Amino acid sequence: MSNRPEPILPPTYLGILGGGQLGRMFTHAAQDMGFNVCVLDPDPQSPAGAVAQKHIQADYQDEKALAEMAKLCVAVSTEFENVPAQALDRLASLGVYVAPASEAVSITQNRVAEKKFLATWKDVAGIGPAPHWVIEHVQDIEHVPADLFPGILKTARMGYDGKGQETVKDVEQLKQAWDRFGHVPCVLEKKLPLAYEVSALVARGSDDEVKVYPLAENRHTNGILHLSMVPAPSIDDATEKKILEAASAIIRCLEYVGVLCIEFFILKDGSVVSNEIAPRPHNSGHHTMDSCVTSQFEQQVRAMARLPLGDVSLLSPVTMLNILGDVWLNDQAKANAGNPAWDKVLKDGKAKLHLYGKAEPKLGRKMAHINFLGADTNATLKQAMAACDVLGIEK
Ligand code: ADP
Ligand code: MG
C-alpha cells in the first residue's frame, strides 16, 4: 500500500494566496486539470483573480476572508514568499491542507534563518552558503571577520530583484549601509567571484518523492532576471550532478511539499555555493511551460493535491526571455502605436508568448515572458537575442 495520503481530486477547489502572474499560471494549470481555483488577493485587478473561478478580494490576514477560503478549498498554496506565515497557520488550523507548510516558508522568508538552515545542512547537501555574518545588533558590526570585505549587506526580509542590498568595502561603509537600512536584521555576505549562476527547480510530494528539473543558467540585468537557458550551457556534468543532488537533499531537509527553486553560484575556481530558496514556482522555471513534460505550475498542483509528481524531462532546449514593462515604453513601441511588436517576434514559430494580463506597464514590472524552443542553447539564445532587437530590450 502507498504511504501517500488520500489524493485531492478535481473539481475540488484549490486555493492560492496571491494573485500575481505566478498565481495566474498556477490557476491555468489547475483549471486544465479540472480543478476550480480560489485566489485571495486584495488587488481588484490581480492577474490571477481575473481568471480564477473565485477571487476573494481582501487582505491576507483578514479573518473572514481566510475562513471563507478554508470553507471552499481543501488545499491551499502560496505564490509569493512574503505571505504572512500567520495566514498559512490560520488556514491549517481551519483544517486546510497547506503546502508548502508555514514552517518551511518561514525559513525561506528570512535570510538569517535561510543561511542558518543552509549552513546547518551543508554536509548533507554537499554544498553550503557563502561565508557570511549576521548583523542584528550594533555590536555585531564590531565582530565582523575582516575577510568578509568587500561584502554585500542584505536585509533579512523583503529583499527581491536586487532590492535591499548594498555592496560595502569596509566597516565604515557597512555602518553607513546598516544606518540606511534602518538597523533592521541583515546578513553580510562575502562578495564572491562568480563565474555564472544557475537555479535548480525541485518538487517534493507528500510521500517524499522528489524530482529535480534540469538546471537553468540565469542572466540578470539590473538585479532582475533577464533570461534563463536550459540546458545550462556553462556547466559540466559533475557540477550539475552535485547541484541536483544538493537540491534534492535541501528540499527533503526542509520537509517541503510543493515546488521550490534554489539559486546556486558557480565561482571562478569551479566551486559552488547555495544562495536563495524561493518557496514557490520561480521565474527561472517559466521555461517548463513549453519545454518540459510537466510545467512547474502543474507540478505544484500535483504536489498540493497529493497526486503523483509529473515527469520533469526536458523535451526541447529552451531560452526563456523576461519581458518587463520597459518594452511598452521604449522607442520601438512608440513607433508601433505603443505596442510591442509581438507579430514580428511570433514569426519565429518556436517562440511562445505568455502575457500576464497586467493593465499598466511600468519600468521593471514583469509583464510577460517568451520561451524560445530550438535545437540547442546556441540556437535558442540567438532567437531570444533577435527578439531583444525587435522589442528594444537591452542585451
Ligand atoms: P535577490 O535575488 O533576492 O535580489 P540575491 O541574493 O539573489 O538577491 O542577489 C542578487 C544578485 O546579486 C545575485 O543574483 C548575484 O548576481 C549577486 N550576488 C548576491 N550575492 C552575492 C555574493 N555573495 N557574491 C557575489 N555576487 C552576489
Ligand atoms: Mg536571487
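Visitor: How many bridges pair strand 6 and strand 9?

Guide: This is a predicted model, in which local features need pLDDT of at least 70 and side-chain atom pairs count only at pLDDT 80 or more, while totals for chains, interfaces and linings use all residues. Residues are numbered from 1 along each chain as its sequence is written, chains are lettered from A and ligands numbered from 1 in the order in which they are written, and side-chain values use heavy atoms, with hydrogens and water left out. Strands here are DSSP runs of E with at least two residues, helices are runs of H or I with at least four, and both are numbered from the N terminus; two strands pair if DSSP finds at least two bridges between them. Strand 6 and strand 9 run antiparallel, and the number of bridges is four.

Visitor: Which residue of strand 9 is the bridge partner of His-132?

Guide: Strands of a sheet pair through backbone hydrogen bonds, either parallel or antiparallel. For His-132, the bridge partner in strand 9 is Glu-189.

Visitor: What is the average twist in the open sheet of four strands?

Guide: The order of this antiparallel sheet is 6-9-7-8. Strand 6 (132-135) and strand 8 (165-168) are its edges, as each pairs on one side only. Axes are lines fitted to C-alpha atoms, for helices over the stretch in contact, and angles run from 0 to 180 degrees between N-to-C directions. From one strand to the next, the twist averages 20°.

Visitor: Which strands are the edges of the open sheet of five strands?

Guide: That sheet has parallel pairing and the order 3-2-1-4-5. An edge strand pairs on one side only, and here these are strand 3 (54-56) and strand 5 (97-98).

Visitor: In strand 5, what is the bridge partner of Val-76?

Guide: Strand 4 (residues 73-78) and strand 5 run parallel and are joined by two bridges. The partner of Val-76 in strand 5 is Val-98.

Visitor: How much of the accessible area of ligand 1 does the protein cover?

Guide: Polar contacts are pairs of N or O atoms within 3.5 Å; within protein, one must be able to donate a hydrogen and the other to accept it, and residues adjacent in sequence count only if both atoms are side-chain atoms. A polar side-chain atom of Lys-154 is 2.7 Å from an oxygen atom of ligand 1, and a polar backbone atom of Leu-192 is 2.9 Å from a nitrogen atom of ligand 1. Of the 540 Å² that ligand 1 has on its own (Shrake-Rupley method, 1.4 Å probe; for residues, only the protein chains shown count as cover), the protein covers 87%.

Visitor: Why does ligand 1 lie between two domains, and which are they?

Guide: Domain bounds come from an automatic or database domain assignment. Ligand 1 lies between two domains because both give residues to its shell: domain 2 (131-190) and domain 3 (194-391).
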